[in-house]
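Dear colleague,

Please find below the structure that I would like to hand over to you. My notes on what was found in it follow directly after.

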Amino acid sequence: MPQHPLNQPFGPFALTRTLAWLRLCAIAGQSMAVMVCSWWMHIDIPTLSLLLGIDLLAVFAAFAAWRISQPWPVREWETVCHIVADTLVLGYLLYFTGGARNPFVTLLLVPIALSAAALSGRAILAVAATAGAAYFVLLRWYVPLPMNELTVNDHGFSLHVAGMGVNFGITALLLGFFINRLATAVRTQQQEVQRVRERALRDEGIMAIATQAAGAAHELNTPLSTMRTLLPELRREHASDAALAEDLALLEGQVERCRTILREMVAFGKAQLSQESERATLAAFIHGCLKRFQLLRPEAELELHVPAQLDQLVLRTPPGLRHALLNLLNNAVDASALRNSNSVTLEVRRDGQWLDWIVRDHGPGFAPTSPHATLGESGKQSGLGIGLALAEATAERLAGELITRNTENGAEMCLRLPLSTVSQGA
């Protein structure tokens, strides 16, 4: 799924929000620095002028905090304007404290480093040009930093070295924090790309299977129609043979069942294209699923657990949910059969804003090669191997997830869906 612009790890909005936090830290640090130099070190700096610049930065910080709380998107040019405002205020403060000779002048590089990870090349050039212009202005025009009795002997060199040490610590913290954040975002993006690639390969396989199934359904309709026409005639011709007539009646019933399945496949495809959801109570939906499941697997022994308060929950069931649940139940019966059991359990429960469909079997469980169960590694020796993949695809399409794990007596598959997707008025 595409990421919302406000949630992107790097971009104009993310950089503007980061600058808002840095601006608050800068206000606190600059205020402390002015107080230390003026009151503790007794350096005759223009305190009122510096506090005025800090107050202007505080006003701008309040405006920026209000701005990023608004719903409309932050444009790149707007982020550049924020950086220019911060650079001008920093240049103003440096003008009254020694200009380019102030060791904190290298803080002009921090916005450039942050912009390089979030803005376009044109915006980075604009930020770099602003910082460069501020630096060259401070080289020519500035108010020299006055000396006191502690620094007059070495012409302020000790104060400069101390400032360089503090500046080094600040720069190291900022660069370390944001470079680590950038590396984390890159790793997360790579993992997301890998997940999207795997999902695309899986969906491509499912699409190929669906195409083959549609072709097979179209081709099967003709022989089934022929059999449906011939079987009643055969029954009339061999009415005297009771055993053969019984077998022919069974075949006729199986043909009708195949035709019903094909009609349901067509209806399901039309429902998928229309994206229309069914509306039914949870009890009615489960009853319809179990009725279909009993026709498919009459030997299955199903144990159902549904809280009474959920029976009248109105579901807005999208296409595919019924088939995903039937696939899970069918897989569970196959897994239980590996241990000579026909027992499966279906439990439906509400967990906050989620509706969990839990299917348990009594089979061998998932492959023990990994600490977490993996889709498709249920130990089954038969089947097409796509039931869990189809169920997982349905879960992802409905903004949910399919969770699998081993239990003491087999395996458990939980189809976890948000109530906002499957429930009407939840």
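Arg297 forms a salt bridge with Glu299, with 2.9 Å between the closest N and O atoms; a salt bridge here is a side-chain nitrogen of Lys or Arg within 4 Å of a carboxyl oxygen of Asp or Glu. Arg297 is buried at a relative accessible area of 15%, whereas Glu299 is partly exposed at 35%. Buried means under 20% relative accessible area, exposed over 50%, and partly exposed in between, with a 1.4 Å probe and protein chains only.

Before the remaining findings, a note on the source. This is a predicted model, in which local features need pLDDT of at least 70 and side-chain atom pairs count only at pLDDT 80 or more, while totals for chains, interfaces and linings use all residues. Residues are numbered from 1 along each chain as its sequence is written, and side-chain values use heavy atoms, with hydrogens and water left out.

The protein chain has 11 helices and 7 strands; these are DSSP runs numbered from the N terminus, helices being H or I of at least four residues and strands E of at least two. Of its 426 residues, 35% count as buried. The accessible surface of the chain comes to about 25,100 Å², and carbon and sulfur atoms hold 63% of that surface; areas come from the Shrake-Rupley method with a 1.4 Å probe, and for residues only the protein chains shown count as cover. Among contacts (heavy atoms within 4.5 Å) with a separation of 6 or more, 74% are between residues 24 or more positions apart.

The structure holds 12 salt bridges in total. One of them joins the side chains of Asp86 and Arg23 at 2.7 Å, N to O. Since Asp86 lies in helix H3 and Arg23 in helix H1, the pair ties together parts that are 63 residues apart in sequence. Both of these residues are buried.

Another salt bridge links Arg405 and Glu412 at 3.2 Å, N to O. Arg405 is partly exposed, with a relative accessible area of 43%, while Glu412 is buried at 8%. Salt bridges with shared partners join Glu347, Arg349, Asp351, Asp356, Arg360, Arg405, Glu412 and Arg416 into one network.

Helix H5 spans residues 121-140, and its 20 residues reach 29 Å from the first C-alpha to the last. This is close to the 28 Å expected at 1.5 Å a residue, the expected span being 1.5 Å times one less than the number of residues. Which residues of H5 are buried? They are Ala123, Val127, Ala131, Ala134 and Leu138. Seen down the axis of H5, they fall within an arc of 65°, so they line one face of the helix; the arc is that of the directions from the helix axis to the C-beta atoms. The buried residues of H5 pack against helix H3 (76-95) and helix H4 (109-116). On the other side of H5, Gly121, Arg122, Leu125, Phe136 and Arg140 are exposed.

Finally, Gly365 lies in the loop between strand E5 (354-361) and helix H10 (387-397). Gly365 is buried, at 8% relative accessibility. Its C-alpha atom is separated by 7.7 Å from that of Ala335, 30 residues apart along the chain.

Yours sincerely
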